[in-house]
Amino acid sequence: MKIICIGRNYAKHIEELANERPVSPVVFLKPDSAILAKKMPFFIPAFSNDIHYEVEVLVKINKVGKHIDQKFAHKYYDEIGLGIDFTARDVQAQCKEKGLPWEKAKAFDGSAVIGNFYPKSDFNLESIQFQLLQNQMVVQDGNTNAMLWKIDELIAYVSQFFTLKKGDVIFTGTPAGVGKVSENDVLQGILEGKEAFTVKIK
Ligand code: ZN
């Protein structure tokens with residue numbers, strides 16, 4: 001399976017990192033080796049002094065598709081989840097400065113937290129409320145109604161470039177409030193009031 005991530009999909013997050021608003025979705029990939037095994041802590045890697053959490057709504061692809069029309073995109077997923085796109089912000093800053101790819105900052109081992117999935121019928125997809133708690137304080141509080149590109153638009157867009165396969169996961173971008181993690185932090189993801197994951201930082 002592969003993980004397809006969307007960057008800069010919430011206007012307030014674009015502002016907080018002083019990024020330009022993109023004219024089309026920013027897309028990058030993580031390999032399956034980036035997945036943090038369930039119930040394992042996240043170990044801060046030695047190559048970064050600035051690991052950020054980014055909570056994101058996840059979409060699990062349920063069948064093969066390519067060049068998917070936006071009006072049929074809803075047939076390609078049944079489940080919605082929540083996860084974290086851990087980002088080595090210091091490494092990413094160096095990559096951006098030099099115009100280099102982001103993989104070292106975004107696709108390293110453990111950088112993809114994939115929490116519980118729930119049937120999409122549990123949600124109003126246009127307005128899914130989600131939060132990240134750091135040591136029981138809400139640090140990110142987002143809603144899919146603020147996405148620049150909605151889930152079905154994202155599926156149509158990315159499937160022009162990548163054949164989607166059953167089990168692939170799309171990270172749909174993070175809202176404002178990203179920040180640094182520290183040893184002994186506990187991160188909890190809440191999706192419409194349901195706990196989707198808990199991760200300890202080591
Ligand atoms: Zn992200």
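These questions and answers go through a predicted model, asking what each label rests on.

Me: What makes Glu54, Glu56 and Asp85 donors of the zinc ion?

Reply: Distance. A donor atom must be within 2.8 Å of the metal. The OE atoms of Glu54 and Glu56 and the OD atom of Asp85 lie 1.9 to 2.1 Å from the zinc ion. Therefore these residues count as its protein donors.

Me: How are the donor residues of the zinc ion spaced in sequence?

Reply: The pattern is E-x1-E-x28-D. Glutamate 56 sits in strand 4 (residues 55-61) and aspartate 85 in strand 5 (residues 77-85). They are 29 residues apart, and the pair links distant parts of the chain.

Me: Why is glutamate 56 called buried?

Reply: Buried means under 20% relative accessible area. Glutamate 56 has 1% relative accessibility, so it counts as buried.

Me: And aspartate 85, buried or exposed?

Reply: Buried. Its relative accessible area is 0%, and the limit is under 20%.

Me: What makes a space a cavity here, and how many are there of 30 Å³ or more?

Reply: A 1.4 Å probe fits in a cavity but cannot get out. The structure holds 1 cavity of 30 Å³ or more. The largest cavity has a volume of about 110 Å³.

Me: Which residues line the largest cavity nearest its centre?

Reply: Gly7, Arg8, His13, Glu54 and Lys106 lie nearest the centre, out of 17 lining residues. Strand 1 (3-7) and helix 2 (89-98) are the elements that give two or more residues to this lining. Helix 2 gives the largest share, 3 residues. Glu54 is also one of the protein donors of the zinc ion.

Me: How does the lining of the largest cavity divide by residue type?

Reply: It has 4 nonpolar, 6 polar and 7 charged residues.

Me: What about the largest pocket: what volume does it have, and which residues lie nearest its centre?

Reply: Its volume is about 230 Å³. A pocket is an open set of points. The lining has 15 residues, with Lys38, Lys39, Ile114, Phe197 and Thr198 nearest the centre. Strand 7 (112-119) and strand 13 (194-200) each supply at least two of the lining residues. Strand 13 gives the most, with 5 residues. By type, the lining of the largest pocket divides into 9 nonpolar, 3 polar and 3 charged.

Me: Why is glycine 142 called buried?

Reply: Glycine 142 has a relative accessible area of 5%, so it is buried against a limit of under 20%. Glycine 142 is found in strand 9 (residues 137-143). Leaving out residues up to four places away in sequence, it touches Ile128, Gln129, Phe130 and Pro175.

Me: What makes a group of residues a nonpolar core, and which have the most contacts inside the largest one?

Reply: The members are buried residues of listed nonpolar types, joined through side-chain atoms within 4.5 Å. The largest nonpolar core has 57 residues. Ile80, Phe86, Ile155, Leu191 and Phe197 have the most contacts inside it. Beyond four places in sequence, isoleucine 80 is in contact with residues including Val57, Phe117, Ile151 and Leu191. Phe197 also lies among the residues nearest the centre of the largest pocket.

Me: Which residues of helix 4 are buried, and what do they pack against?

Reply: In helix 4 (residues 151-158), Ile151, Leu154, Ile155, Ala156 and Val158 are buried. The buried residues of helix 4 pack against strand 1, strand 2 (26-30), strand 4, strand 5 and strand 10 (169-171).

How values were computed:
Residues numbered from 1 in each chain as written. Predicted model: local features only at pLDDT ≥ 70, side-chain atom pairs only at ≥ 80, totals over all residues. Heavy atoms only, no water. Donors = N, O, S within 2.8 Å, 3.2 Å for Na, K, Ca; no water. Helix = DSSP H or I, 4+ residues; strand = E, 2+ residues; numbered from the N terminus. Buried < 20%, exposed > 50% of the residue type's maximum accessible area, 1.4 Å probe, protein only. 1 Å grid on protein atoms, 1.4 Å probe; cavity = no way out; pocket = protein on both sides within 12 Å on 5 of 7 lines; lining within 4 Å. Points joined across faces, edges and corners; volume = space filled by probe spheres on them. Nonpolar A, V, L, I, M, F, W, Y, C, P; charged D, E, K, R; others polar. Contact = heavy atoms within 4.5 Å.
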